[in-house]
Amino acid sequence: RAAPHFRPPFPSSESSSTANLSLFSCSSSSPVLIMSFISACSRLATRAPTKRVFNTAMRAAAARSISTYSQLTDEHTMLRDMCRTFADNDLAPNASAWDQAHGVPKEIVKAMGEMGLMGVSQPTEYGGSGMDILSYAIAIEEISRGCAGTGVIMSANNSLYCDPIRMFGTHEQKEEWLTPWASGEKLGCFALSEPSTGSDAGAQTCTATKDGDGWVINGTKNWITNGPDSDAVVLFAMTDKDKKHKGISTFLVPYGIPGFTTGKPEDKLGIRASGTCSLIFENCKIPGNALLGKEGEGFKIAMKTLDGGRIGIAAQALGIAQASLDAAAKYAHERKTFGVPIAKHQAIQFKLADMATKVEASRLLTWRAAQLKDAGEGYGKEAAMAKLHASEAATFCSHQAIQIFGGYGYVTDFPVERHYRDARITEIYEGTSEVQRMVIAAAILGEYAP
């Protein structure tokens, strides 16, 4: 289903062709410059050593250019359709009940594992589905559209637990700590925040002290998504206080060992279907091979993990925003005032127009960040932009949906009040909106530095 004018075919012979001109078309670009570029690339492509590089670059450029559903590959479209069907049939009809019960049934998490959704972009050799980050963003959006609580369970396992092990773990660690989690057999979580340490992630008070060949952990972690239901945690602790953020290290800690307990589940405003709790460590002993990466690399591991995780939260927020728009537009056709559907009233039309514009803009930003990551390019600024815009769009759209529903939007008989509650957290976790603006501003000022 890929649009031929946008994603040109790349035959196995990898022959070059100026037919790919439209890939680089842009109304603001000079036709002369574009033709010169294509002509130069075509000449380079006749040289065997360069030919492969040229076609690889073309593939990367095409992948980064996907901006509408019609341009998705067949694989992306099949994944989206599978997730959408699952969300419509199994998640959305039960989301309100799960919200009130404060939990998603384990069978649902197991089903997502069987569909390959608990390790979407993890390598197949370690139990994952081996798909790209764009696939992950598409899947998270569709799942979150059905149930945002279920979406964050999936997101935390994919981005926050599996990703740091994939990026920094040894082969042995990946086999032990990644494979069962990426396959959905087990569930993981990520523990960075503390009672007095949120945005200031470098001010860790949880400590890891060397004890022979192992470590002893002491401290408390707060606001841990999947905390009550996980089988292991990627834990950050201070190993050298004198070095401040450079003295933080990362550890892989299994549940059920002496000295490690969980606090009571938090009674949250939104995403109530996902479990959140504190993790408490009291003289908890772990072996030396529990260290992930090198000693002192913890802050770097956390920041790199959160950069990627923000794509997942942007996609989650996008799913909430889309669900709010879906509900509001459908209701606008059904509800009548003054003898006509409220969809006929310009005040309602303007709200829907603003909602739809924010949803589309959020999707473009999210897909752009995902495709930059897929291409191996820097994406930190773009991920922060996507999370910032999508999370604020989710809050805006859910708020407007309640306005369109009126009094009915304020009661639990309709889904928009839940969307409103679920949206709020997306502006807080994995970096507040204020932190995202700091990240974006720092990147921009760096680009313009003299």
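## The largest pocket

A pocket is an open set of grid points with protein on both sides within 12 Å along at least five of seven lines. This model is predicted. Its largest pocket has a volume of about 1,000 Å³.

The lining of this pocket counts 42 residues. Ser193, Ile428, Tyr429, Glu430 and Gly431 lie nearest the centre. Several elements each supply at least two lining residues, among them the helices α7 (148-168) and α13 (433-447) and the strands β1 (188-191) and β3 (214-225). Helix α9 gives the most, with 5 residues. By class, the lining holds 22 nonpolar, 11 polar and 9 charged residues.

## The second largest pocket

The second largest pocket holds about 430 Å³ of space. Its lining has 23 residues. Nearest its centre lie Val104, Lys106, Val109, Leu187 and Asp229.

Helix α5 (residues 106-114) gives the most to this lining, with 3 residues. The classes divide into 7 nonpolar, 7 polar and 9 charged residues.

## An enclosed cavity

What about space that a probe cannot leave? The count comes to 1 cavity of 30 Å³ or more. About 40 Å³ of space lies in the largest cavity.

The residues lining the largest cavity include Ala95, Asp99, Cys147, Arg272, Arg418 and Asp422. Helices α4 (95-101), α7 and α12 are the elements that give two or more residues to this lining. By class, the lining has 5 nonpolar, 1 polar and 4 charged residues.

## Aromatic pairs

How many aromatic pairs does the structure hold? There are 11. One of them joins tyrosine 331 and phenylalanine 414. This pair is edge-to-face, with 6.4 Å centre to centre and 75 degrees between the planes. Angles over 60 degrees count as edge-to-face.

Which parts of the chain does the pair tie together? Tyrosine 331 lies in helix α9, and phenylalanine 414 lies in the loop between α11 (380-405) and α12, so the pair links parts that are 83 residues apart in sequence. Tyrosine 331 counts as buried because its relative accessibility is 8%, under the 20% cut-off. Phenylalanine 414 has 27% relative accessibility, so this residue counts as partly exposed. Ring pairs also link Tyr331, Phe405, Tyr408 and Phe414 into a cluster.

## Charges over rings

Note on methods. Residues are numbered from 1 along each chain as its sequence is written. This is a predicted model: local features need pLDDT of at least 70, side-chain atom pairs count only at pLDDT 80 or more; totals for chains, interfaces and linings use all residues. Side-chain values use heavy atoms; hydrogens and water are left out. On a 1 Å grid over the protein atoms alone, a cavity is a set of points where a 1.4 Å probe fits but cannot get out, and a pocket is an open set with protein on both sides within 12 Å along at least five of seven lines; lining residues have an atom within 4 Å of a point. Grid points are joined across faces, edges and corners, and a volume is the space filled by probe spheres set on the points. Helices (H or I, at least four residues) and strands (E, at least two) are DSSP runs, numbered from the N terminus. Ala, Val, Leu, Ile, Met, Phe, Trp, Tyr, Cys and Pro count as nonpolar, Asp, Glu, Lys and Arg as charged, and the others, Gly among them, as polar. Rings of Phe, Tyr and Trp (its six-membered ring) pair if their centres lie within 6.5 Å; planes under 30 degrees apart count as stacked, over 60 as edge-to-face and the rest as tilted. Buried means under 20% relative accessible area, exposed over 50%, partly exposed in between (1.4 Å probe, protein chains only).
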